[in-house]
Each structure stands twice: as C-alpha cells, then as structure tokens.
Amino acid sequence: MYKQTCTNILSLSPVEVKKWLNSFDSVITDCDGVLWVYGNLISGSSDTINYLKKMGKSIYFCTNNSTKTRKELLVKGIELGFNITEDGIISTAHATAAYLKNRNFNKRVYVIGSEGIGKELDAVGIEHSGIGPDVMQGTLSTFMSQHLTLESNIGAVVVGFDEHFSFPKMTKAASYLSDPNCLFIATNTDERFPMPEMVVPGSGSFVNAIRTCAERKPTVIGKPNPAICQTLIKQNKIKPARTLMIGDRANTDILLGYNCGFQTLLVGSGIHNMTDVDQWKNSKDPEDKKLIPDVYLPKLGDLLPLILNSMTHGSY
Amino acid sequence: MFKASAINLLDLQPEQVNSWLEGFDTIISDCDGTLWHDERGIEGAADVLNALQTRAGKRVYLITNNGLKTSHEIWQRAQRLGFQLPNESHIISPTQTIVDYLKQHMPSDQRVYVVGNAAIERALNEAGFKSFGAGEPDPLQPNDKWQEFVNRELKQPAATANVGAVIVGWDEHFSYCKMARACHILCSNKGSIFLVTNNDAVHKYPSVHIPGTGAFVAAIETCSERKALEMGKPNPLVLKPLLNAAALQPERTLMIGDCCKIDVTFARNCNLQSLLVGTGSYQLETLHGNPTLPMPDVYLPQLGNLLPYI
C-alpha cells in the first residue's frame, strides 16, 4: 500500500491505519537507528515491536552489523526489552557463514573482520584465520622476505568491519585475491558505522580499500542484496507482498525492501529523513526512486499509539 | 606526429625518426620502469637522455609518482645512475607538487596530518610546514576498543585544532586508527585540504601483491565522502608550475613512460606527445591485444633504442 509515496502514517485516519496494519503479516526491521542507537533503546521501539508480535505478526531483526553473532544480538535485544528469539535474527556474520556453507565451501577463509564472523564460521565448521591484530613488522623488504606468510589453502577472503585493519592484512587479501578462484565476500558496504555525533569508518570503507588493491568486486552479503532474505522466502516463512521492511537507511534497508518486493517503512531516527526523500522524489535518476519508502514515521515508537487508536476507533 | 598510432619507431626509416625527433623541444620522462628499476639503471636510458640534451639541445625533466622519496632523493638517485640534469628543479614528484600546492592554498601556521611515509614529512618540513603522523605506526592496542579510541582521542579539540590538510601517501603502517583520524579531520573541517600523492591501486610482484596508495585513500574517501586531489600523474595539475613558468609548450613536449594507464593518459590530459617504452608492463603485443587502452603516438622496446638516431 501507498507504494513509494513516503506517506506519513501520522496523517492517516484510524481506518486507514487499520487497513495498512492488516496488509502485512511479517515485519523485518533494521536495528541501529531504528530500535536502538549504540547501547540505548530508542523510545517506544520495544513496546511497538512487542505489540506487533502480540498481534500475530512474525518479527525478524535484520542488521548489517557484522561485529556480533546472532547470540550476542539476541542478548542485546532481550536486555533492551524485546521479545525476540535467535531464529528471528538475521545478521551478516551469520549470513556470510551460511552462504559459504550452502556452497559446500571446504577450504579456509581469510577474514578481515571482527570476532562475530569468526564465531559464526566456527559454528558451521569452516576454518579461518586473520581475526585480531596484525601489525606491520620491520621495513617493507624485511616484511616481504621474512614476516609475510601466505597460506596455501585459502579459498575465500571475507571483509567486514575491522578495528585492527592494517597494511599486512591488505597485502594478504590482495595476494589471496589475485587467484580468480578465491572468493571475495563483503559482509556489507555501509560506509560509516552508526555512532552518535561522530563520523567513523564502517565496513564499506575497508571493503573499498580491498576492492581497490585486489582490482575485484566482492559479493555483498548484507542489505540491500536480497540474498540476505532468500532463506526466509524460500522456506515460505514470509510472503514478500505481505512483509513490511522497517529501516532508517534508504540505500540499504528501503532498497532491500524494493529488491525483495516488500512494503517499506522509513523511520527518521537514524540516517535518512523526509528531506532526503524529497531529494529523491525530485531526482531524475531512476535509481533514486527505489529509495523512496511507502510510508514514514519520525520514529518507530510513534506507531504504537496509532495502532491502539485504530483498534478502538477503526472498527466500523 | 603519428598521433595515438603506437608505431614502433624501429619500423620507420631514419629520416622519419629524425623528423619525429625534431617535433619536440622538451622531454618529460617517467622513472620507474622507463629509466631504472629501483637502483638499477635500464641499459642505454641514461645515454639517450644525456645525448638528447647535449647533442639535440632538448630540455629534460624527470617525473615520478613515487611518493616514497623527496625530489632531492630522486635527484640523488638519478645522479648515481648517470643521468645528467641541470638541477633538482628538473624533478617532478608528488611530494614537491604537494608542497607547491600547500604553499598556494594553506596558511603556513596550519598543521598537516599525514597518513604516509617520512619522505612526505621531510618535504613538508623543508618547506616550513608543521606535520604529524608521517612514518609512525598507529595501531589499535590489543586491549583497546575502537569506540573507546574514538571517544578518548577524536573527541578532543586537539584532534582537529589548526589542522588545515590531510595528505595520504604510501603507508606500510596504515591502520584503522589512521583512517578514523583522517575522516574525523576531513568531516569536522569541510574547508580542509585533502591530497593524495597518487592513486596507484596495487604493485604486483611474482608471489605477492602490495596495496598501492590508491587503496589507502579509497578507505578514507569512502568514509569521509570526500575525494582527494591527486598530486601525481595522470592529473595535469602536476604540470602547472612548468606551464605557469612558460618552461615548455605542450604541443612541442614529449612524454616518455612505460605505463599506458598512467603515462599515456597523462600525456593526453596535458596535450603532450607520447612515447611508450616496453620496459614496464606494456609491450606492443599488450597494446594490440587491448585496443581500448590509451594508445601512445610511438613505441620503442626500450629507451636505449633511440641512441643511434641522436
């Protein structure tokens, strides 16, 4: 409903809100900037999600954040008051491991990323190396002649968020990727990591560095690549037309919604807002149209009073 | 002459080569892969450039994208390998181009943050600029977390106070912390200058591929959403000082290099004539196999081939 019109739900009548609520059975929601920011709950988001669940909607969290395992995200969600199970969490670390497992990957993975990826690979029995500090030793010539060791059984390079990113890691990745048979996988391409008031590098920054020196494009696991939801769709757990995607970043969340045929809700509590949408509405570039959500709310918590209102007033 | 036709000069009659030789007064020559490989001179290259000056009356400049050495250091290597040039000002290098640019565009009391090697700092200091960061390791400590690093170090006013420019060069100590510092400066001060020595993506050796400066700057450009100004070929900006001094006429200047993508493109960008030598990654067969490559006017297997004609 309201396809790509960015209709503000606050402007709808209770009857219209009720009709909209009845148009979807599943909800996939982004986390950073929608449910929480850094370690703090965004007001009203847990009550809203829990109520939607109570109404019978199936709820999935879908995050591009590759630094945590599903278990860790589950713990965070529960601590912040969300009624969620591990099966309801889709994360790029988990999806990356699943992607390799589904391809019957049987070599080792060189990982430029955080513990989350390593643990998810361990969970599916895929061996890996590279996580943690890898600091430059000596000069370039002694590094090349003495310190640099390249393993022989690396079948994939995975790049995600890595606070220990370094020149030796870049050298290893570029060298492994010079073999066209070695897979090049990016957990996600978000250029910046969400952090209040600060601009700090996100996975996309590391991925672009490796993209440049490897002279290759990666397969991107996370939003907006529809692959991240393929399992849910294939297993019939969600029907795209009756699925609502909620997000704060249009070029990952809303675009994922567009790519999968979902309905989309943009919330203004994170990266993008109405001003950005106006720019895309006025743009001549057809790609920008894909970023326009169906509906909009300033924040997710604004939805709960509207739901309750529609229950009492909307049933004529 | 022979515009973009990649003609092998060795296939021409001597009179044609002489005619070609008379078509230019100034020569700008690449270094790595054209005149030398590190500390080994390529056979005949020094003899040719020297003869072109003494016998044919041409003016010669050397140009390099090598951001690991100052102009002075490149001048010293040139001398060691037998290349005779009037003086150091005949060397065009990214560190020199950076210094010239900052002199024009940045107040001298501003500091410069360098994600790069010590040569950049040497060149900056020689020119009277204050810099920090060059040649230093800056890894995240094993027991530190990136959020704590950001809160502790980047939120301080000192992180951005009086920093007028971020320079990126080749950096074997490249790290997350350097990326974060550079992005913070570039985003906090939109008027800050953002320069990169060159955008070479990778340097390929038989068993290992080494990231080029282009890879380091890509990380910072992605996060900061700002593009660095390239201080090396093929940006025609590097020729500006010579053009401003009327030291050469583009149409009567020959660019000699070993790399199509960088040297021939540079020649095109500046409206220079071009000679590709086969002592790097590109030989005649490479050109024939890749018609979309920027084609040089003429070709020689190596620069030394020109000696009999001078």
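## Helices H4 and H5 of chain B

Helices H4(B) and H5(B) are oblique to each other, a label for angles that are not under 35 degrees (roughly parallel), over 145 (roughly antiparallel) or 65 to 115 (roughly perpendicular). In this predicted model, the axes of H4 (residues 94-105) of chain B and H5 (residues 118-126) of chain B come within 9 Å and cross at roughly 40 degrees. Axes are lines fitted to C-alpha atoms, for helices over the stretch in contact, with angles running from 0 to 180 degrees between N-to-C directions. Helices (H or I, at least four residues) and strands (E, at least two) are DSSP runs numbered from the N terminus.

H4(B) passes H5(B) in a right-handed crossing; a crossing is right-handed if the near helix is turned clockwise from the far one by less than a right angle, and left-handed if anticlockwise. Thr95(B), Ile98(B), Val99(B) and Leu102(B) of H4(B) make the contact (heavy atoms within 4.5 Å) with Ala119(B), Ile120(B), Ala123(B) and Leu124(B) of H5(B). These contact residues comprise 7 nonpolar, 1 polar and no charged. Ala, Val, Leu, Ile, Met, Phe, Trp, Tyr, Cys and Pro count as nonpolar, Asp, Glu, Lys and Arg as charged, and the others, Gly among them, as polar.

## Helices H4 and H5 of chain A

In chain A, the axes of H4 (residues 92-102) and H5 (residues 115-123) come within 8 Å and cross at roughly 40 degrees. H4(A) and H5(A) are therefore oblique to each other, and H4(A) passes H5(A) in a right-handed crossing.

On the H4(A) side, Ala93(A), His94(A), Ala97(A) and Leu100(A) meet Gly116(A), Ile117(A), Glu120(A) and Leu121(A) of H5(A). The contact of H4(A) with H5(A) has 5 nonpolar, 2 polar and 1 charged residues.

## Cavities

There are 3 cavities of 30 Å³ or more in the structure. On a 1 Å grid over the protein atoms alone, a cavity is a set of points where a 1.4 Å probe fits but cannot get out, a pocket is an open set with protein on both sides within 12 Å along at least five of seven lines, and lining residues have an atom within 4 Å of a point. Grid points are joined across faces, edges and corners, and a volume is the space filled by probe spheres set on the points.

The largest cavity holds about 130 Å³ of space. It is lined by 20 residues, of which Val135(A), Phe165(A), Ser166(A), Pro139(B) and Ser175(B) are the closest to its centre. Helix H7 (167-176) of chain A and helix H7 (176-188) of chain B each supply at least two residues of this lining. By class, the lining of the largest cavity has 12 nonpolar, 4 polar and 4 charged residues.

## Largest pocket

The largest pocket has about 1500 Å³ of space. Of its 39 lining residues, Asp32(B), Asp200(B), Val202(B), His203(B) and Lys204(B) are the closest to the centre. Strand S3 (36-37), strand S11 (202-204) and helix H10 (260-270) of chain B each give at least two residues to the lining of the largest pocket, which divides into 13 nonpolar, 13 polar and 13 charged.

## Backbone

Most residues other than glycine have a negative phi, and most peptide bonds are trans. The peptide bond from Lys223(A) to Pro224(A) is cis, with omega near 10 degrees, and Pro224(A) is in the loop between strand S13 (219-220) and helix H9 (227-234) of chain A. The bond from Lys233(B) to Pro234(B) is cis, with omega near 5 degrees. Pro234(B) lies in the loop between strand S13 (229-230) and helix H9 (240-244) of chain B.

Tyr2(A), not a glycine, has a positive phi of about 55 degrees. Tyr2(A) belongs to the segment before strand S1 (7-8) of chain A.

## Conventions

Residues are numbered from 1 along each chain as its sequence is written, and chains are lettered from A and ligands numbered from 1 in the order in which they are written. Local features need pLDDT of at least 70, side-chain atom pairs count only at pLDDT 80 or more, and totals for chains, interfaces and linings use all residues, while side-chain values use heavy atoms, with hydrogens and water left out.
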